Amino acid sequence: MRNLATIQTIRGAVLGLLLAWGTLLPSDAQAQQMVDRKVFVFGNSLVHHLSPSDETTVPHWLNRIARAEGNRLALDGAWGFMRNFVNDLPPQSNWSFREVRSVLNGRSFRSAGFDTVIITPANFVQYQDPDRPYDGDNPDGASPLDLAGRLIEWVAAQSPGSEILIYEGWADMGSQVRNFPPNARGLRNYHEANLGDYHDWFVAYVRGLQAQFPDRDIALIPVSSVLSRLYTETDLAPLEALDLYEDDAPHGTATKYFLAALVTYAVVYGEAPPAAMDLPDSIHPAVRENYAQIAAFIWDASQAAAQLRDRAAVEP
């Protein structure tokens with residue numbers, strides 16, 4: 001793959017120079033410690049699409065990726081929209097996976113020891129600013145920022161040490177394409193839309209929450225924007241709509257959730273995904289064959305989330 005291979009070649013050359021100069025000693029490479037993450041997800045079907053297989057879920061692949069790198073994951077979660085999450089506290093975990101350990105197991109949220117809480121806004125409210133009240137049935141005039149703020153207040157009281165991460169799911173497709181599946185041009189337009197005002201909404205949303213909670217660690221998991229770059233800037237561009245999406249909601253294929261999990265891993269664990277993985281046939285051949293370059297691209301692109309966090313720390 002042309003662009004991805006270039007990134008990998010550069011990274012390999014730099015590593016070779018470091019080794020030659022003696023900057024990277026064997027003990028440094030061996031010093032990495034196992035990371036054990038305990039995560040709760042306020043999510044929707046862009047994180048966990050219920051199907052006969054766990055492969056249409058981010059947690060399944062996140063666990064696989066963590067294990068491949070010698071790390072561990074325990075995770076619980078619940079489906080809903082933001083008002084459901086706020087009204088139904090404490091959350092009742094209704095997610096389970098064959099390979100992913102649970103944290104709660106009958107314990108309270110306060111005693112579970114979650115180090116990471118992921119919050120997932122709906123993917124069809126980005127047509128107006130996040131501080132504007134929701135349209136429709138909204139008796140208290142709440143905005144997306146208002147409801148997320150109430151949820152974070154509760155999380156902060158119950159689990160003060162938890163990092164708050166905002167999951168940038170991909171945009172609603174039904175409002176942007178006439179028919180599903182879209183043709184190549186329609187799919188490219190959809191991915192480019194995910195890089196425009198849609199992504200800007202999430203940046204404003206995170207910054208608004210950081211302003212509300214200046215002492216909290218709040219950051220973005222830039223799934224939609226990073227993957228849209230992957231689909232439009234690299235040789236994965238020939239992937240067709242049905243390689244990634246099942247419908248115009250759009251629920252994803254196993255390939256889509258695996259790629260989303262790579263972005264999620266980069267932010268949740270704060271490190272690059274493993275350089276190699278043994279992937280099943282359910283993952284598209286173009287992804288299996290170019291996995292190392294894809295992982296490198298995603299790691300580099302995901303650093304924008306860290307930059308957003310760093311800028312917020314210094315902005316008045």
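Relative accessible area, computed with a 1.4 Å probe on protein chains only, is used here to class a residue as buried when under 20%, as exposed when over 50%, and as partly exposed in between. The model is a predicted one, in which local features need pLDDT of at least 70 and side-chain atom pairs count only at pLDDT 80 or more, whereas totals for chains, interfaces and linings use all residues. Residues are numbered from 1 along each chain as its sequence is written, and side-chain values rest on heavy atoms, with hydrogens and water left out.

Side chains of opposite charge can pair when their charged atoms come close.

One of the salt bridges is formed by the side chains of D36 and R72, with an N to O distance of 3.9 Å. Because D36 belongs to strand β1 (residues 36-43) and R72 to strand β2 (residues 72-79), this pair ties together parts that are 36 residues apart in sequence. D36 is partly exposed at a relative accessible area of 28%, and R72 is likewise classed as partly exposed, at 38%.

A further salt bridge joins the side chains of R64 and E99 at 2.8 Å, N to O. R64 is found in helix α3 (residues 58-68) and E99 in the loop between α4 (82-87) and α5 (109-112), so that parts 35 residues apart in sequence are tied together by the pair. R64 has a relative accessible area of 26% and is partly exposed, as is E99, with a value of 32%.

Within helix α7 (residues 184-194), E192 and R188 lie 4 residues apart, about one turn of the helix, and their side chains meet in a salt bridge of 3.1 Å, N to O. Both residues are partly exposed, E192 with a relative accessible area of 37% and R188 with one of 38%. Elsewhere, salt bridges that share partners join D36, R72 and R101 into one network.

N183 is located in the loop between β4 (163-167) and α7 and is exposed, with a relative accessible area of 56%. The side chain of N183 reaches the backbone nitrogen of G186 at 2.7 Å, a polar contact being a pair of N or O atoms within 3.5 Å of which, within protein, one must be able to donate a hydrogen and the other to accept it, while residues adjacent in sequence count only if both atoms are side-chain atoms. The C-alpha atoms of N183 and E240 are separated by 7.8 Å, although these residues are 57 residues apart along the chain.

Definitions and conventions:
Salt bridge = Lys/Arg side-chain N within 4 Å of Asp/Glu carboxyl O. Helix = DSSP H or I, 4+ residues; strand = E, 2+ residues; numbered from the N terminus.
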